Each structure stands twice: as C-alpha cells, then as structure tokens.
Amino acid sequence: MSTRTPMLGRFRLGYVAPAALLVAGLLYTPFLWTAYLSLTRYDGLAPPEWTGPRNFVKLLDDPALLTSIRNTLLWVIGTMVLPVGLGLLVAVLSYDLKGGAWYRVPFMLPYALSGAGLGLVWSPILSHDGIANQLLGVDTAFLQDAPQNTLAMLLVWTWQQLGVNTLLFVVGLQSIPKEPIEAARIDGASGWRLFRYVIWPLMRPLTAVVVGLALVASLKTFDIVWVMTQGGPGRNSETLAVTMYKETFVASDYGYGSAVAVLLTVVTGLASYLYLRRQVR
Amino acid sequence: MIRSRMAVLGVAAVVLAACGGNGAEAPAKKKTELTLYNDKGAWTKFFDEMGVLSKEKIGLGMKPTGYTDSAQYQAFIKASFRTNVKPDLFTWQTGGMLEEIVKQKQVADTTAVWQQAIKAGDLSQDLAPYYTIDGKQYCVPMNVAYWGMFYNKKIFDKHGLRPPTTWDELITVAETLKKNDVKAFYHTSVLFSFVWFEQLMAGMDPDLYDRLSTGEAKYTDPGVVQVMEKWKELIDAGYFINPGDKTDPGDVLKNGKAAMVSFGTWFNTSMTQRDMKAGADYGFFTIPNVNASLPKTSMIFESGPLCSLAKADDPEASLKYLTWWTTAEAQEKWATTRGDVSANPKVEIKDEALGQVTKDAGSGRYRLVNRYFEATPPPILTAALDGFGKFVTEPGSYKEVLETIQKEADEYWSTHQ
C-alpha cells in the first residue's frame, strides 16, 4: 500500500515534467541533432545533405585527428599527474600542519581565473619575447613546437587547478575516521606505509570523484588552448574539442565538426563509464 | 491517471508555445533605429559616430553590435537566419561567403542602390563585380582596402633607406636592415599567416593565383611550389621577426621590432590610434612585383560588404540606410574618423600616401588581386591558414603543407564546381 498522498500521486508526472522537458530540450535534442548532422554535409546554411558515414571515414584518414587524439591523451595523462597528483601531495603534506590552510591559500588564488583569462595572462609570458624566456635566460619557443606547447599549457593549467584539487583532498583527509589511523599508528605504521595502506583506501570515494572530474575536464580541454595557441601553429596543439570547434565554426564544415563531437562524446562517455565502473565495483 | 496525463500535456503545451513563434508572418514594422552586427568590434566607436550622423541626416539611427571573433560572428549570423533575432544590417565577406548566403536567399538585392550610386558617382563600376552574383548586386561596400607595406620612417631615415620601387630594391632594404640588426618584415603564425603567400603569388604569377581560387590550379603545381620556395628563401635569410611573437603588429611597427608590416590600408587606423603621424613616423608603399616582367604591378584588394536581410523587419529602412551609406556625406565621415580610404571616389583622402594609393589603384597601372581571405572558400582557407602557420615555424615543411591544403581543396572542389 502506498504511503504517498493522493495529491502527490495524481500530479507526480506534472512535477517532473518541466525539468524533464528542459533536459530533453536542451540536452538530448541537440545531441541527437548533432548525431544526425555527423551523417550529413552541412555548411550551416543550405539544408543538410545526407552522406551516411562519410565524415567518420574521413576522420579515420585525417592526420590532424591523430594529432588531436595525441594531444588530448597528453592532457588526460598530464592532468592526472600534475593537478591531481600534485594536489594530493600538497594536501597530504599540509593538512595536519599547524596553519596549513595558509600554506594552501597561494595555490587556491589562481582558481578564481577563468580558462580564457588564464590563457590571456600566460600567453604573453610564454611568448617568444615573454618574461619566461627573460627570467630563465633562454630562447625557447614555448608555444610553438609540439609537444612542448601542450606541456607548457599543462603547466599553466596545473597552476590554476592545483588549489581546488588540494582543497578537495584536504576535505577528504579531514573527513576520514581517525580511529583506523590511530590503530595503525599504535601498530607501528607511519609515513608512506600509513598513507598507502590506511589513508589512501579510506579516501577512495573522494579520489574517485576528483579523478572522474579531472578526466572529463581534460578530455574536453578547449578554452586555454584556443586562447593561447588556437590549436597551432599548424595544428600541432589541437585537442579534440578544438578540432570540433575549428571544423564546425571556422571551416563551416558542420557535418565533419559534428562527427568529431560524436567521437569526443563517445570517448568521454566510455572513459567515464570504464573508470567509474572500476571505482564503484 | 487521465488527469495527471492531461496536466503533463498542459505543461508541455505551455512550454512548447513559449518556445515557438506565432506561426504567422509578422507585419512589417517601421523602424527609426537599425541594428548593425559586425565582426569589427574594435571599430564600435566609429560605427557609433555613424549612427549619430545618420540619425541627424536621414532620421534613421543605427546601433552597432561588434564581435571580435569572426568565426563566432559568422556562426551567429548563420544561426540568426533561422531565428527571430535578426540584425537589420550586418557585415560579411565578398567571394564564396557572399555567394553562399545569396544562394540561400538570405540577402536583399541592392541592384537599384548600386545603379543609383554609380550614376551619382558614389560608387565605381570597377567595384561592382565583387558584389555581383548572377547579374544582380547584393550588399554595398562597408569598406575597401588596398594592401601594401607600412614602414617605420624613423628606421628608414636612420639607415638612409627609401621606399623601394622594384623587388631587388626591397631586398636591398631588407639586407641593409639585417646588417644593422633590424628585422625587416613582420609575419605571424595565426590568422594573417596567408599575407606573404598571397603577396608573393600575386607578384610572381597572379593568373595562377586566380586559378587557385577557382579550383582550376592545384597547390602542388610547380608555380605554387616556387612561391613557397621564395618565401622560405626570405625566412632563411633572417628578414622576418619570430612568427610566434604575440605583440600587436601596430606596436611591432611603432617600437621598431620590425621595420615593415604588410597589411591593408585599414592598418592606418592602428597607426593613428597609436598617435603616429603619417609621413613623419610611418609611411606606406606599394609592394613591387617579384616578377618584373609582369605588365602591371599586382595590388591586393579587399572590400567588406554591408548587407541587409532579404526578410528584414523594415526592408525599406534597411535599403534607405545602405543607400545613404554609399553617399559622400556618409563616406567622408566613415573614412576620416578611421583614417582610411573610401569606396566613394568623391571622398578626399587627407593622408597623402593613402590618397595616392587610391588614385593609383584606379589609374589602370595596377592589377587588383582579390585578397586570399575572400578569394578562398572557407574549408580550404582554414586548411591553408593552419598550413601557412606551420610553414612559418617550420619552413622545411612547405611541400607537406601544400599537399595538405590540396587534399582539402580536392575534397571541396569535388562537390562545388
């Protein structure tokens, strides 16, 4: 027997409908439309012309796509190692220090900048005659040669993202129960062994969230690359998201751009699914 | 149960009604102020001044909305054709892009405006082909520009240099500057990466350049390869600044980071905005042909259109505005405030060098060559801009670059001949 009031039962679909319609209208419909466009030739003006899988066949034969995939992978691996990995390190080293919060403040401040703002600030610093070269006393084209330009942008990304990852890990560290840690300490565990076998497993739910968010963010890297290099020179710093934008809005090849969008969606969805399935097992 | 389903349907109907239009054609509205969307965000101040002047002269105000990212702007305009948020007037590009929107019947026919302006001497017949599709004119010239070389006069004076009149003289100038540790030329790996390609193509084989833009020639043809080799020769000689330099080209010229910057006459606005004085701080000369045997000196030319929608809210007001825009009264203001040349031959250009280039362009001694940006279809242009960006940072890659552009061209022309 239901415990719901008759009123709630009668109108329950009505309550859900506005939100469901919004999601359907703003998320699923554009996604299905993009999937349809990926099977057409479309310049944004004339009606789309059905071409079947032609755009996906072209994708397989496009050397620029391989570069985009390579760079996107670099972004994923780099994000795991730098903003996430270093974030964990800073959190572990500072969370039980007296006044640790003050040590973490400088890492947090850059998070206030948007991706585009970040690019605007760092682009002149890393340019040929920028401050970075002058300070280091070198003559390096940080944003020209690949994969050096992607690595340089990753360092900039780390500068911004480190603080928020640190903060999330500190919250995780503060919320884990103290008893198992004290018990482990009494048993003689300390340092690396304490972290590896006691703290790390207890933090697993939070780590799954931080890594999951970083995974999705790195797969769709766009703004910082677009502002700093526009995917160039040539196309050597393009990521999948930049390729999608350029093909769609710069080259006006909406069909091909949509095919890249579908590929990016599949890759992001698959990566997230595989990762989360492993984490919640 | 039936009631709850009815409620869902009711909510859906309200939401859908709110999202949709009213279905019927809206009656034409009489407007006293028009919106002008453009991809020239830096010129908002000048558009504003034109809006004030037009309100005073013809009783029609104009409010500009300027974008600074042309890809974002073009996507907005294309999308606006299918929505109710439409600009009354908008800037666009001649060449393939104008043809695209004309074919989709989105642009108002301005043949009558052109006929009237040509008769009144406000527009030149020579300009009409850039705006003609299937015998009719569309849009009017928002601006015209002739391309040449802006040079830092103080640097030239310091080293006893004069504007060159032959290609060999230009190279001698570059060589003298190099010996004095001054970079001769500006170039970039982003957006304007095509400048030296079009200039060398036009100065070596303008017919081949024209054939490239219509798909009758290939980027891998020997003539194009020679152009890239010439360009590489200039880069290898050390005449150019680093292509990754993020300094604004206006500042590059002002600060003497490079002694010469090749751009359209609109670059004069950048000079005046930096308080540089024509004739004292900087000068302008036409770039001589590489191939001295060509009958005419090639001069890169561009003209940006100002268009009205075929289904404008108030078509009469939009056409009235375009007609006024072509007159000397409007063009005098438009050219003077920006310190640029005008599409109206009656307008007197105060800047001596720019006034001279306008006269020269109409003298018949020059061959006007359509700028690469307008002459090249968007997908090929995108591949080419990326390709030239790669080339200027890795000059040895020119054959690979040409093959990549040709691959895109092959695909485009297979469906667009």
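Visitor: Which residues touch the most other members of the largest nonpolar core?
Guide: The model is a predicted one, in which local features need pLDDT of at least 70 and side-chain atom pairs count only at pLDDT 80 or more, while totals for chains, interfaces and linings use all residues. Residues are numbered from 1 along each chain as its sequence is written, with chains lettered from A and ligands numbered from 1 in the order in which they are written. A nonpolar core is a set of buried Ala, Val, Leu, Ile, Met, Phe, Trp, Tyr and Cys residues joined through C-beta atoms within 7 Å, where buried requires 20 or more other C-beta atoms within 10 Å of the residue's own, exposed 12 or fewer, and partly exposed lies in between, with C-beta atoms placed from the backbone. Within the largest such core, of 114 residues, the members that touch the most others are C139(B), F150(B), A184(B), A258(B) and M260(B).

Visitor: Which strand gives the largest share of this core?
Guide: The core draws at least three residues from each of domain 1 (32–144 + 303–359) and domain 2 (146–300 + 370–416) of chain B, the bounds coming from an automatic or database domain assignment. Helices (H or I, at least four residues) and strands (E, at least two) are DSSP runs, numbered from the N terminus. The largest share, 9 residues, comes from residues 140–152 of chain B, strand β6.

Visitor: With which residues is M260(B) in contact, leaving aside its neighbours within four places in sequence?
Guide: Two residues are in contact if their C-beta atoms, placed from the backbone, lie within 7 Å. With its neighbours within four places in sequence left aside, M260(B) is in contact with M149(B), F150(B), Y151(B), A184(B) and F185(B).

Visitor: How many residues form the second, separate core?
Guide: This core includes W75(A), L143(A), V225(A) and W226(A). Its membership comes to 44 residues.

Visitor: Is A384(B) buried or exposed?
Guide: A384(B) is placed in helix α17 (residues 378–393) of chain B. Beyond its neighbours within four places in sequence, A384(B) is in contact with F194(B), T376(B) and I405(B). The C-alpha atom of P345(B), 39 residues apart along the chain, is separated from that of A384(B) by 34 Å. Because 27 other C-beta atoms lie within 10 Å, A384(B) is buried.

Visitor: What is the radius of gyration of chain B?
Guide: Chain B has 18 helices and 11 strands, and its C-alpha trace spans about 85 × 50 × 40 Å along the principal axes. The globule rule, 2.2 Å times the number of residues to the power 0.38, is compared with a radius of gyration taken over C-alpha atoms. For 417 residues the rule gives 22 Å, and chain B is close to this, so it is as compact as a globular protein of that length, with a radius of gyration of 24 Å.

Visitor: What percentage of the contacts in chain B with a separation of 6 or more is between residues 24 or more positions apart?
Guide: Buried residues make up 47% of the 417 residues in chain B. Among contacts with a separation of 6 or more, residues 24 or more positions apart account for 76%.

Visitor: Which helix gives the largest share of the side of domain 1 of chain B that touches domain 2 of chain B?
Guide: The C-alpha centres of the two domains lie 27 Å apart, and 15 residues of domain 1 of chain B are in contact with 18 residues of domain 2 of chain B. On the domain 1 side, α4 (96–103) and α15 (352–361) of chain B each supply at least two residues. The largest share, 4 residues, comes from α15(B).

Visitor: Which element of chain A supplies the largest share of the side that touches chain B?
Guide: The contact takes 31 residues from chain A and 28 residues from chain B. At least two residues of the chain A side come from each of α1 (6–37), α5 (115–126) and α12 (240–250). The largest share, 8 residues, comes from α1(A).

Visitor: How far apart are the end C-alpha atoms of residues 151–173 of chain A?
Guide: An unreviewed UniProt entry annotates these residues of chain A, among others, as "transmembrane region"; such annotations use the numbering given here with shortened feature names, and may be inferred rather than shown by experiment. The span is 100% helix and 0% strand, and its end C-alpha atoms lie apart by 30 Å.
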